[in-house]
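I opened this entry to record what I looked up, step by step.

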Amino acid sequence: QYVKKDDPLNAKVHDQFVLEGSYLTPPRLPGQAPSIVVECFDGKVEQNYFNTGAVVVHRDQSQHGTLLLEERIDGKKSVILTTGLSTDGQSVFFTRYDLRDILHAKQVIIGAYEYMGAQVVMRFDIPDPSPVMEKCGSDRMLRGKKAK
């Protein structure tokens with residue numbers, strides 16, 4: 001899904017892309033479908049995150065390092081480096097380096113541990129990235145070669 005999103009506080013209009021996924025292992029209380037969200041302004045990515053639909057276990061990042069998400073991109077096991085959590089604990093922000101890899105994949109499977117629960121596993125079938133690249137392609141990180 002693509003939508004123009006107003007940000008009146010900062011006097012900006014963002015281009016927002018939302019890709020809904022599905023649960024392979026749902027949270028204890030599933031509500032909405034999991035999603036990947038990418039927001040761009042002036043051709044550059046401002047934020048990108050996974051909305052897990054569950055409160056994710058998080059740690060004090062200054063004491064225990066950054067939170068890592070397990071992932072499989074096109075069947076190959078990997079790890080996503082996160083850059084923070086939303087205030088409600090349900091959205092996990094991640095690097096643009098990982099976003100570039102995700103945009104060039106066909107399928108991404110993500111695992112994150114739910115607070116006081118089991119691991120929530122989500123699957124995303126990645127469509128053609130050209131609409132995202134059209135609106136966010138001025139971002140040097142996305143234009144670079146796909147990481148191996």
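Entry 1: I started with Asp15. At 8% relative accessibility, Asp15 counts as buried. The model is predicted, so I treat every value here as computed from it. Which residue pairs with Asp15 in a salt bridge? I found Lys4, with the closest N and O atoms 3.0 Å apart. Lys4 sits in strand 1 (residues 2–7) and Asp15 in strand 2 (residues 12–20). The two are eleven residues apart, and the pair links distant parts of the chain. I then checked the cover on Lys4. Lys4 is partly exposed, at 48% relative accessibility. The cut-off for buried is under 20%, so Asp15 at 8% falls in that class.

**Entry 2: two further salt bridges.** The structure holds seven salt bridges. I looked up Glu39 next. The side chain of Glu39 meets that of Lys5 in a salt bridge, at 2.9 Å from N to O. Is Glu39 buried or exposed? I read 3% relative accessibility for Glu39, so it counts as buried. Lys5 has 34% and counts as partly exposed.

I moved on to Glu46. Its salt-bridge partner is Lys12, and the closest N and O atoms are 2.9 Å apart. Glu46 lies in strand 5 and Lys12 in strand 2, so this pair ties together parts that are 34 residues apart in sequence. I checked accessibility for both ends. Glu46 is partly exposed at 40%. Lys12 is partly exposed at 24%.

**Entry 3: the fold.** I listed the elements. The protein chain has four helices and ten strands. From the N terminus on, I read the order as β-β-β-β-β-α-β-β-β-α-β-β-α-α. Of its 148 residues, 43% count as buried. Residues 24 or more positions apart account for 53% of them. The accessible surface comes to about 8500 Å². Carbon and sulfur atoms hold 52% of that surface.

**Entry 4: the core.** I turned to the largest nonpolar core. It has 28 residues. Which members touch the most others? They are Val38, Phe50, Ile102, Ile110 and Cys136. In soluble globular proteins, nonpolar side chains tend to be buried together.

I followed Val38 further. Leaving out residues up to four places away in sequence, Val38 touches Asp15, Gln16, Phe17, Val45, Gln47, Asn48, Leu99, Val132 and Cys136. Asp15 from my first entry is one of these.

**Entry 5: helix 2.** I checked how covered this helix is. Six of the eight residues of helix 2 are buried, so it is largely enclosed by the rest of the structure. Those buried residues are Asp98, Leu99, Arg100, Asp101, Ile102 and Leu103. Leu99 is also on the contact list of Val38.

**Entry 6: the disulfide.** How many disulfides does the structure hold? I counted one. It joins Cys40 to Cys136, with S to S at 1.7 Å. Cys40 lies in strand 4 and Cys136 in helix 3, so the pair ties together parts that are 96 residues apart in sequence. The torsion about the S-S bond is about 95 degrees, so the disulfide is right-handed. Both Cys40 and Cys136 are buried.

Entry 7: Val55, Val57, Tyr113, Tyr115 and Met116 make a nonpolar surface patch of about 510 Å². I located Tyr115 in the loop between strand 9 and strand 10. Tyr115 is partly exposed, at 48% relative accessibility.

Arg143 is exposed, with a relative accessible area of 51%. Apart from neighbours within four places in sequence, it is in contact with Met133, Gly137 and Ser138. Arg143 and Met133 are ten residues apart along the chain, and their C-alpha atoms are separated by 8.2 Å.

Conventions: Residues are numbered from 1 along each chain as its sequence is written. This is a predicted model: local features need pLDDT of at least 70, side-chain atom pairs count only at pLDDT 80 or more; totals for chains, interfaces and linings use all residues. Side-chain values use heavy atoms; hydrogens and water are left out. A nonpolar core is a set of buried Ala, Val, Leu, Ile, Met, Phe, Trp, Tyr and Cys residues joined through side-chain atoms within 4.5 Å. Buried means under 20% relative accessible area, exposed over 50%, partly exposed in between (1.4 Å probe, protein chains only). Contact means heavy atoms within 4.5 Å. Patches are made of residues with over 30% relative accessible area and no salt bridge: like charges are joined within 9 Å, nonpolar side chains (Val, Leu, Ile, Met, Phe, Trp, Tyr) within 5 Å. Accessible areas come from the Shrake-Rupley method with a 1.4 Å probe; for residues, only the protein chains shown count as cover. A salt bridge is a side-chain nitrogen of Lys or Arg within 4 Å of a carboxyl oxygen of Asp or Glu. A disulfide is a pair of cysteine sulfur atoms within 2.5 Å.
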